[in-house]
Amino acid sequence: MKVLLGKVISNKMKNTLVVEVERLQVHPMYNKRMYRTTKYHVHSEKSVEMGTMVKFVASKPISKTKFYKIWSN
């Protein structure tokens, strides 16, 4: 089970957070380091403030765009 870490950028939907994950990628030819971001829709029963760092994991499909849930540890 892979645990992802990201920052909450939207909490306007009911039981859904939009979380942005930033990763560092190295260009194969030029060896330049670049930051890439990906947005995930994450299921959460609790309300979480914007700007909070959260951990989440993959789960069974909850809706058309939600495949992740908050990891409670």
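This is a predicted model: local features need pLDDT of at least 70, side-chain atom pairs count only at pLDDT 80 or more; totals for chains, interfaces and linings use all residues.
Strand β2 is joined to β3 by 11 bridges, and the two strands run antiparallel. Within this pairing, Leu24 has Tyr35 of β3 as its bridge partner. The two strands β2 and β3 form a hairpin in which 6 residues lie between them, and in its turn Asn31 has a positive phi of about 55°. Strand β3 is also paired with β5, which covers residues 66–70; here the strands run parallel and are joined by 3 bridges. In this second pairing, His41 stands opposite Lys66 of β5.

The largest nonpolar core is made up of 10 residues, namely Leu4, Val8, Leu17, Val19, Val21, Tyr40, Val42, Val48, Val54 and Phe56. At least two residues of this core are supplied by each of the strands β1 (3–10), β2 (16–26), β3 (33–43) and β4 (53–58), and β2 provides the largest share, with 3 residues. One member of the core, Leu4, is in contact with Tyr40, Val54, Lys55, Phe56 and Tyr68, when its neighbours within four places in sequence are left aside.

The largest pocket holds about 240 Å³ of space. Its lining is formed by His43, Ser44, Glu45, Lys46, Val48, Val54, Lys69, Ile70, Trp71 and Ser72, and these lining residues divide into 4 nonpolar, 3 polar and 3 charged. Val48 and Val54, which belong to the largest nonpolar core, are also among the residues that line this pocket.

Key. Residues are numbered from 1 along each chain as its sequence is written. Side-chain values use heavy atoms; hydrogens and water are left out. On a 1 Å grid over the protein atoms alone, a cavity is a set of points where a 1.4 Å probe fits but cannot get out, and a pocket is an open set with protein on both sides within 12 Å along at least five of seven lines; lining residues have an atom within 4 Å of a point. Grid points are joined across faces, edges and corners, and a volume is the space filled by probe spheres set on the points. Ala, Val, Leu, Ile, Met, Phe, Trp, Tyr, Cys and Pro count as nonpolar, Asp, Glu, Lys and Arg as charged, and the others, Gly among them, as polar. A nonpolar core is a set of buried Ala, Val, Leu, Ile, Met, Phe, Trp, Tyr and Cys residues joined through side-chain atoms within 4.5 Å. Buried means under 20% relative accessible area, exposed over 50%, partly exposed in between (1.4 Å probe, protein chains only). Helices (H or I, at least four residues) and strands (E, at least two) are DSSP runs, numbered from the N terminus. Contact means heavy atoms within 4.5 Å. Two strands pair if DSSP finds at least two bridges between them.
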